[in-house]
Amino acid sequence: MLRVLSVASEAVPLVKTGGLADVAGALPAALAPHGVAMTSLLPGYPPVLRALAKPLVAWKFDDLLGHKGRLLAGQLGGQDLLVLDAPALFDREGGPYGDANGRDWPDNWLRFAALSLAAADLAVRQGFDILHAHDWQAGMAPTYLRYRHAGQATPSVMTVHNMAFQGHFGREIFDRLGLPAAAWSIDGVEYHGGVGFLKAGMAAANVITTVSPSYAREIRLPEFGMGLEGLVASRGTQVRGIVNGIDPAEWNPANDGHLAARYTAASLARRRGNKRALEAEFGLESDDGPLFIVVSRLTWQKGMDVLVDVADHLVHSGGRLALLGSGDAGLVAGLSAAAARHPGRIGIRIGYDEALSHRMQAGGDAILVPSRFEPCGLTQLYGLAYGCVPVVARTGGLADTVIDANIAALAAGAATGIQFNSVSAPALADAISRTIALYRQPALWKAIQRAGMKADFTWAGSGALYAQLYRELAGKS
Ligand code: ADP
Ligand code: GLC
């Protein structure tokens with residue numbers, strides 16, 4: 001068995017703000033069949049500590065950047081979980097990154113540097129074969145391995161789930177990070193005169209991965225690399241793309257406890273019950289036209305401003321829209337105004353609701369994902385699995401996972417969704433029109449739904465790729 005320590009700032013079912021949690025939560029079970037025993041390390045936020053039944057103390061740290069901490073043992077996805085119990089850093093009400101009003105905690109640099117230091121020390125002391133760090137919050141773990149354990153460092157993998165979040169802090173924190181002066185350099189932690197956690201992790205890790213092959217290529221360009229494109233290019237073949245999977249235990253319409261009616265590709269007619277329930281839940285009229293859904297953070301990345309611009313077109317073309325999301329106040333206002341203009345045709349729910357997100361995938365006809373960039377994207381994968389046809393921008397993981405319903409793909413029975421090129425109001429409006437035209441041809445539509453449901457986006461393939469990567473790095477291939 002290869003022993004891998006995974007460190008992330010969130011993981012389902014314990015704490016989630018986005019797709020990182022789905023991935024970090026699903027990976028341990030996905031890797032077990034490939035001879036990888038993954039131990040996950042998470043911060044001891046209150047809900048995580050509460051979920052530990054009878055925690056055993058597995059390890060103690062006397063000085064994590066000036067704080068005491070201990071590791072409590074539990075289970076995640078049937079595999080070992082370690083929780084960093086450091087009350088001064090993590091025992092606070094609010095979200096994992098900020099207070100109830102959405103303001104970032106001012107000591108986030110310290111919280112996540114301490115998490116990373118714990119991971120690096122643990123990986124070396126307990127002889128893990130690999131350390132796998134996710135996103136900027138874990139970016140200092142490969143850095144601590146490099147500078148504090150030089151010569152005996154555990155090989156590390158840095159996975160970038162989103163280049164837009166880099167963990168950039170001022171120069172003044174450097175002296176408190178417990179790093180040697182040599183780390184303050186252009187190939188160390190220094191980034192535009194401050195400290196970059198993601199940058200540092202990408203510079204120090206043996207291999208960088210990101211969550212789709214297309215995004216791995218895109219981040220070589222300034223538009224997607226967001227300042228780190230030079231570093232990405234300089235790491236050459238040490239930058240790989242491995243697409244995310246979905247957890248069939250959570251996302252399977254045949255046995256999803258959240259649904260009014262469960263179904264398979266062979267019983268698609270049963271979706272109607274879910275559609276009617278969803279219409280009622282969102283106060284929408286019932287008719288024969290398509291019901292579009294959106295489940296998303298409401299941000300510029302996700303193209304939600306463009307969605308606001310095409311809301312009228314969607315309704316005038318005979319569509320309806322049910323949207324669940326939370327995020328930018330300006331976008332909430334724009335979407336609320338659209339819903340007010342079109343009562344019975346557009347319904348929105350502002351907030352975070354996991355169960356509702358399942359009911360939407362099961363009752364909606366098509367899911368709109370007009371992202372400007374999308375490292376992988378999970379909601380289109382859930383759409384595929386649920387027969388809720390994805391309508392996606394051709395970028396990153398969206399481009400890699402959806403097969404556009406062009407004439408050739410339709411003829412071959414391969415089409416699984418609709419792709420469009422630029423994220424602009426005319427392009428999205430055109431994609432919506434194409435979708436509605438396909439929807440009005442029931443046999444074709446059903447074929448698209450079935451092809452998507454047959455596509456395999458479970459973790460089987462990607463789990464094997466991660467396992468192979470770990471073996472390569474550990475010299476055990
Ligand atoms: P990102 O991580 O960039 O937000 P992903 O598509 O990878 O995008 O993952 C988003 C995850 O969060 C999915 O599991 C999606 O269903 C979920 N999600 C997003 N917004 C909401 C919401 N308002 N309520 C419930 N689930 C949501
Ligand atoms: C990030 C990305 C998203 C990806 C998720 C999980 O949040 O924005 O595209 O699916 O991480 O890897």
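Helix 19, which covers residues 460-474 of this predicted model, has 15 residues and reaches 21 Å from its first C-alpha to its last, close to the 21 Å expected at 1.5 Å a residue.

**Helix 19**
- The buried residues in helix 19 are Ser462, Gly463, Tyr466, Ala467, Leu469, Tyr470 and Leu473.
- Because these residues cover an arc of only 160° around the axis, they are on the same side of helix 19.
- As a general point, an α-helix has 3.6 residues a turn, so residues three or four places apart point the same way.
- After helix 19 comes Gly475, and the phi of Gly475 is positive, near 70°.

**Helix 12**
- Helix 12 runs over residues 329-341, and its 13 residues should span 18 Å at 1.5 Å a residue, which agrees with the 18 Å that separates its end C-alpha atoms.
- Which residues of helix 12 are buried? They are Leu331, Val332, Gly334, Leu335, Ala338 and Ala339.
- Seen down the axis of helix 12, the buried residues fall within an arc of 165°, and therefore they line one face of the helix.
- The face turned away from that buried side of helix 12 carries Ala329, Gly330 and Ala340, which are exposed.

**Strand 7 and its neighbours**
- Strand 7, made of residues 156-160, is mostly covered, since five of its five residues are buried.
- Ser156, Met158 and Val160 point one way from strand 7, whereas Val157 and Thr159 point the other way, and all are buried.
- Strand 6 (residues 130-134) pairs with strand 7 in the parallel sense over four bridges, and in this pairing Leu131 has Ser156 of strand 7 as its bridge partner.
- Between these two strands the chain crosses from strand 6 through helix 5 (residues 140-148) to strand 7, and this β-α-β crossover is right-handed.
- Strand 7 is also joined by four bridges to strand 11 (residues 207-210), with the two strands running parallel, and here Val157 stands opposite Val207 in strand 11.

**Cavities**
- How many cavities of 30 Å³ or more are there? The count comes to two.
- The largest cavity has a volume of about 40 Å³, and its lining consists of Leu410, Gly413, Ala414, Ala415, Leu444, Ala447 and Ile448.
- Helix 18 (residues 442-454) gives the most to the lining of the largest cavity, with three residues.

Terms used: Residues are numbered from 1 along each chain as its sequence is written. Chains are lettered from A and ligands numbered from 1 in the order in which they are written. This is a predicted model: local features need pLDDT of at least 70, side-chain atom pairs count only at pLDDT 80 or more; totals for chains, interfaces and linings use all residues. Side-chain values use heavy atoms; hydrogens and water are left out. Buried means under 20% relative accessible area, exposed over 50%, partly exposed in between (1.4 Å probe, protein chains only). Two strands pair if DSSP finds at least two bridges between them. A crossover is right-handed if, with the strands pointing away from the viewer, the path from the first strand over the helix to the second runs clockwise. The expected span of a helix is 1.5 Å times one less than its number of residues. The arc is that of the directions from the helix axis to the C-beta atoms. On a 1 Å grid over the protein atoms alone, a cavity is a set of points where a 1.4 Å probe fits but cannot get out, and a pocket is an open set with protein on both sides within 12 Å along at least five of seven lines; lining residues have an atom within 4 Å of a point. Grid points are joined across faces, edges and corners, and a volume is the space filled by probe spheres set on the points.
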